[in-house]
Amino acid sequence: MYAIIDIESTGGDPKKDRITEIAIFIHNGERVIEQFCTLVNPETYISPFIVALTGISNEMVAEAPTWAEVSERVNEITRGRVFVAHNVRFDYSFVSNEFKRMGQRYHRRNLCTVRLSRTILPGLTSYSLGRLCQQLGIPVEHRHRAFGDGAATAELFNVLLQNDRRKFIMDSLKDEISQSIMPPNLRREDLDDLPEETGIYYFKDERGKNLYIGKSTNIRQRIISHFSGDMDHGKYFELKPKIYSIDYVLTGNELVALLLESHEIKRWMPPFNSAQRRKKYRYGVYRETDAEGYINLKIGLLKLEPEPVIAVGSKRGAEGIVAGLADKYNLCLKKCDLEHTNDACLNFYEGKCRGACKSAEKVEDYNEKVNNALSGYKYQKPDFVIISEGRKPQERSVVCVENGQYLGYGFFEETDEQGYTFQMLKELIQPFPDHPDFHNIIRSYVRKVRKHHKVVYK
């Protein structure tokens, strides 16, 4: 049985925008046997642009039921049925996030009629719903309304079923993980209950001891991929029969997941996380200014004072990092602690060093290159918080760094972030110990463009 669904919304972001209308057509594989359609009060403002696009106004939804009032019907009518939609990720994300706002999980197998159409009906000029229906002679009434688009999608699904000679639809619905590749001591119910959300997960043995800790933006899919292929070779082949249960912690976003994963691995030392578990920092790269004013990079054993610019596991690793910076930024090998001769450095003879080792390069020019080389290893400012997505739509996360030290993370209910100061956000965090790994994670995250995060400085 299939539940063919179309929704209209206040915008395109399922984490922030809300459903304004939903239509559901129950299909038995031959025809539609039941249907449900209702406007939904989004409990938020509908912009003029969306009103013009969908025809659904604020006045129309004012007396409509809220999602809380229709959710039980939606859950009931779609239970045990395949969620079908045109561009299913859009509609499925909105429906699952509406349930998430209520503290409920919504999981259904799903099919996308865009993907099915490309496979079953190749060679068409366009696979948008409107153009598809036009090419296939399917009438569409009330375009950009849930009932009209949903009814058209149901007719399209009929066409796909009739033309699916290679049984692509049935193949798409085959069990995503067969019993034969499941860990022998893990209950199937434990897998079915896993969320399709961001967080960390734990594989545990029969005594509840952590064997492996990982993170993912989709916990369920990542764990299935483990069982489907990752554990068929090497040390993970030994892990599979030892798994008796799975636990998880939702984090809302990848940054918190990365930080918590790294912390938990160091805390529990799982035997199958050997790489991160054994990582120790014994050497550091330090910056010093010589008598001429040039910034020198020095490699030495890790110490508290002065604080290193870069913490590294081994001397060879430190030399490799510094050599890479010297090559990329045309730095002097002698002033990078990589050569110790009385002559000019090798980079000078190769035309890379501009003569700092012979006092021929201007101090300010050389120091600018060093600062540029090190910019990726330091924060823009030492005190800041990163605000990002939370574990549910109305929640936000906060990660705090003060005096260059990682303090921890926390969550808060979203209202008006503009009114939050650094100090107020700092008080929301759960304290965690600092570690160089955490700063590598934070710096890498901040350097990337993230749609749902912003930085607040002290």
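Modeller: Let's start with a term: two strands pair if DSSP finds at least two bridges between them. Keep in mind that this model is predicted.

Biologist: Happy to. Which residue in E14 is the bridge partner of cysteine 400?

Modeller: That is glycine 408. The strands around this bridge are E13, residues 395-402, and E14, residues 405-413, which pair in the antiparallel sense over eight bridges. They form a hairpin with two residues between them, and asparagine 403 in the turn has a positive phi of about 55°.

Biologist: What does E13 pair with on the E12 side, and in which sense, parallel or antiparallel?

Modeller: Strand E12, residues 384-389, pairs with E13 in the antiparallel sense over six bridges. Glutamate 389 stands opposite arginine 396 in E13. Here the hairpin has five residues between E12 and E13.

Biologist: How should I read the side chains of a strand?

Modeller: In a regular strand, side chains alternate between the two faces of the sheet. In E13, Glu395, Ser397, Val399 and Val401 point one way, while Arg396, Val398, Cys400 and Glu402 point the other way.

Biologist: Which residues does valine 74 touch?

Modeller: Leaving aside residues up to four places away in sequence, valine 74 touches Ile22, Ile24, Phe36, Trp67, Val95 and Phe99.

Methods: Residues are numbered from 1 along each chain as its sequence is written. This is a predicted model: local features need pLDDT of at least 70, side-chain atom pairs count only at pLDDT 80 or more; totals for chains, interfaces and linings use all residues. Side-chain values use heavy atoms; hydrogens and water are left out. Contact means heavy atoms within 4.5 Å. Buried means under 20% relative accessible area, exposed over 50%, partly exposed in between (1.4 Å probe, protein chains only). Helices (H or I, at least four residues) and strands (E, at least two) are DSSP runs, numbered from the N terminus.
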